[in-house]
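Here is a briefing on one protein model. Look over the sequence and the fold, then read the points below.

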Amino acid sequence: MNPPKPQSQPQLRDVLRQSIWAKGLTPEQMARVEAETVETFVPKGGYVCRKGEPVDAWLGIIEGLAKMTNLSAEGKSITFTGMQAGAWFGEGSLLKKEPRKYDVTALRDSRIARMPAATFQWLLDTSLPFTHFLLMQLNERLGQFIGMVEFDRLLDVDSRVARCLAAMFNTHLYPGANPLLQISQEEIGYLSGASRQRVNQALQVLEKEGLLRVDYGGIHILDLDGLRRFQA
């Protein structure tokens with residue numbers, strides 16, 4: 001099997017213009033967003049943002065993969081969600097003007113867009129479509145977290161892996177997701193709370209069910225609805 005051809009890196013301006021929230025902006029609003037939003041690079045294992053730090057920007061993933069986590073007082077780590085290219089996050093802390101409540105770390109080398117808090121607030125004050133987007137964003141995120149608690153408490157590992165993969169295809173939170181999900185078994189383990197070996201077993205089960213195919217460079221999703229409904 002031939003390896004996939006390398007793709008050109010997305011440019012920050014193109015990513016901004018293609019974002020769902022940008023669709024309703026005026027040319028003047030878009031011009032300010034493009035002028036004030038900057039790009040940073042976070043290496044694998046590095047922090048995109050840290051719990052307790054002041055919130056100075058709304059964050060988006062241009063390229064890469066990250067996870068949102070927290071630590072208990074005993075040092076146990078819990079993963080809230082994984083975020084791939086196209087995801088924007090951190091609006092809750094910006095709206096409440098409070099320090100961040102979680103860490104976000106890069107699972108692979110990642111390029112991060114940072115929209116200054118002042119720009120974010122200005123859009124909120126001047127753009128009704130942007131406000132509507134944020135309402136949908138918060139609602140989708142709430143549903144995602146409620147589902148995560150349910151899956152973690154009620155489902156076995158095979159089903160958690162299935163839901164973890166399906167969650168990466170939320171069209172509002174992760175627009176433009178490709179059926180070939182370029183994610184490693186180790187990364188799935190971080191997001192689903194399972195070892196790499198156990199993830200491998202779960203993927204074999206899901207592949208036998210005809211829900212996905214493990215391909216070179218990632219996992220090809222064949223039946224997204226089936227993944228969402230799967231329960232061992």
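How many cavities of 30 Å³ or more does the count come to? The count comes to one. The model is predicted. The points below start with that cavity, then turn to a sheet, a helix pair and a loop glycine.

**Cavity**
- The largest cavity holds about 50 Å³ of space.
- Its lining includes Ser19, Ile20 and Trp21. Gly86, Ala87 and Trp88 also line the largest cavity.
- Phe133, Gln137, His172, Leu173 and Pro175 are lining residues of the largest cavity as well.
- By class, the lining of the largest cavity has seven nonpolar residues, four polar and no charged.

- Three strands make an open sheet, in the order 9-11-10. The pairing in this sheet is antiparallel.
- Strand 9 (180-181) and strand 10 (212-215) are at the edges. Each has a single partner strand, so one side of each has no neighbour in the sheet.
- Strand 10 and strand 11 (residues 218-221) run antiparallel and are joined by four bridges.
- Within this pairing, valine 214 has isoleucine 219 of strand 11 as its bridge partner.
- Helix 8 (residues 196-208) lies across strand 10 and strand 11. Helix 8 runs at about 125 degrees to strand 10.

**Helix pair**
- Two packed helices are described by the angle between their axes and the distance between the axes.
- For helix 6 (residues 157-167) and helix 8, the axes come within 9 Å. They cross at roughly 80 degrees.
- Angles of 65 to 115 degrees count as roughly perpendicular, so helix 6 is roughly perpendicular to helix 8.
- Helix 6 makes the contact through Val157, Asp158, Val161, Ala162 and Leu165.
- Helix 8 contributes Arg198, Val199, Ala202, Leu203, Val205 and Leu206 to the contact.
- The residues of this contact divide into nine nonpolar, two charged and no polar.

**Loop glycine**
- Where is glycine 52 found? Glycine 52 is in the loop between strand 2 (47-49) and strand 3 (57-63).
- Setting aside residues up to four places away in sequence, glycine 52 touches Pro99 and Arg100.
- Glycine 52 and tyrosine 102 are 50 residues apart along the chain. Their C-alpha atoms are separated by 7.6 Å.

Key:
Residues are numbered from 1 along each chain as its sequence is written. This is a predicted model: local features need pLDDT of at least 70, side-chain atom pairs count only at pLDDT 80 or more; totals for chains, interfaces and linings use all residues. Side-chain values use heavy atoms; hydrogens and water are left out. Two strands pair if DSSP finds at least two bridges between them. Helices (H or I, at least four residues) and strands (E, at least two) are DSSP runs, numbered from the N terminus. Contact means heavy atoms within 4.5 Å. Axes are lines fitted to C-alpha atoms, for helices over the stretch in contact, and angles run from 0 to 180 degrees between N-to-C directions. Angles under 35 degrees count as roughly parallel, over 145 as roughly antiparallel, 65 to 115 as roughly perpendicular and the rest as oblique. Ala, Val, Leu, Ile, Met, Phe, Trp, Tyr, Cys and Pro count as nonpolar, Asp, Glu, Lys and Arg as charged, and the others, Gly among them, as polar. On a 1 Å grid over the protein atoms alone, a cavity is a set of points where a 1.4 Å probe fits but cannot get out, and a pocket is an open set with protein on both sides within 12 Å along at least five of seven lines; lining residues have an atom within 4 Å of a point. Grid points are joined across faces, edges and corners, and a volume is the space filled by probe spheres set on the points.
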